[in-house]
Amino acid sequence: MFLAIGAHRDRKLGIAGEDELDGVVSAVSFLRQVNQGQNPKMGKKVGVIGGGNTAIDSARSALRL
């Protein structure tokens, strides 16, 4: 049996404002909110930094919402 559940923690970028600025959310937190049926707070434009599966899932989920 192979169980692949993925990472449940985000990786910090080490850039200014990623923890303090309003509206900056990690992709893992965003996807968790979406999967739990919550309505994540978003503006008209969304920027996704990254290129892995989590980034792609976040971008598509944001587009759907």
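Modeller: A salt bridge is a side-chain nitrogen of Lys or Arg within 4 Å of a carboxyl oxygen of Asp or Glu. This is a predicted model, in which local features need pLDDT of at least 70 and side-chain atom pairs count only at pLDDT 80 or more, while totals for chains, interfaces and linings use all residues. Residues are numbered from 1 along each chain as its sequence is written, and side-chain values use heavy atoms, leaving out hydrogens and water.

Colleague: What makes aspartate 19 and lysine 12 a salt bridge?

Modeller: The closest N and O atoms of aspartate 19 and lysine 12 are 3.0 Å apart, and the limit is 4 Å, so the pair counts as a salt bridge. A search of the whole structure finds one salt bridge. Both aspartate 19 and lysine 12 are exposed.

Colleague: Why is methionine 42 called partly exposed?

Modeller: Its relative accessible area is 31%; buried means under 20% and exposed over 50%, with partly exposed in between (1.4 Å probe, protein chains only), so methionine 42 is partly exposed. Methionine 42 is found in the loop between helix 1 and helix 2, where helices are DSSP runs (H or I, at least four residues) numbered from the N terminus.

Terms used
Helices (H or I, at least four residues) and strands (E, at least two) are DSSP runs, numbered from the N terminus.
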